[in-house]
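Please walk me through this structure one feature at a time.

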Amino acid sequence: MNKRWTIDKIRTFVNNNSESTLLSTEYHGFSQKLLFKCACGNNFEKTFTKFNKSNQRKCDTCQPPKASRGQEQ
Ligand SMILES: [Zn+2]
């Protein structure tokens, strides 16, 4: 199933499912890095795929990246 995300839908999703805020104002596709503001005040960049599917919804300080390789990307 292919859900078509728009920047507005993503912003709503971010507001509803995380403590972070979406700073980016345009969405060009799943490979684009979006700019978020973490609840701690740090800004961080992440693709929406990682934010959504990999549950990476905070900055690297609050939620350090997992060391696992391979599947991740
Ligand atoms: Zn943080």
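The dialogue below goes from secondary structure to the sheet, the core and single residues.

Q: What should I know about the model and its numbering?
A: This is a predicted model, in which local features need pLDDT of at least 70, side-chain atom pairs count only at pLDDT 80 or more, and totals for chains, interfaces and linings use all residues. Residues are numbered from 1 along each chain as its sequence is written.

Q: How many helices and strands are in the chain?
A: Helices (H or I, at least four residues) and strands (E, at least two) are DSSP runs, numbered from the N terminus. The chain has two helices and three strands, and along the sequence they follow the pattern α-β-β-β-α.

Q: What is the order of the strands in the open sheet?
A: Two strands pair if DSSP finds at least two bridges between them. Here the order is S1-S2-S3, with antiparallel pairing. S1 (21-22) and S3 (43-47) each have a single partner strand, so one side of each is left without a neighbour in the sheet. S2 (residues 33-37) pairs with S3 over five bridges. Within this pair, Leu34 stands opposite Lys46 and Leu35 opposite Glu45. The hairpin of S2 and S3 has five residues between the strands, and Gly41 there takes a positive phi near 105 degrees.

Q: Which residues form the largest nonpolar core?
A: A nonpolar core is a set of buried Ala, Val, Leu, Ile, Met, Phe, Trp, Tyr and Cys residues joined through C-beta atoms within 7 Å. The largest has eight residues: Val14, Leu22, Leu34, Phe36, Phe44, Phe48, Phe51 and Cys59. S2 and helix H2 (48-53) each supply at least two residues of this core.

Q: What does Leu34 touch?
A: Two residues are in contact if their C-beta atoms, placed from the backbone, lie within 7 Å. Not counting residues up to four places away in sequence, Leu34 touches Leu22, Ser24, Glu45, Lys46, Thr47 and Phe48.

Q: Why does Asp8 count as exposed?
A: Asp8, in helix H1 (residues 7-17), counts as exposed because it has 10 C-beta neighbours inside 10 Å.

Methods:
Buried ≥ 20, exposed ≤ 12 C-beta atoms within 10 Å, placed from the backbone.
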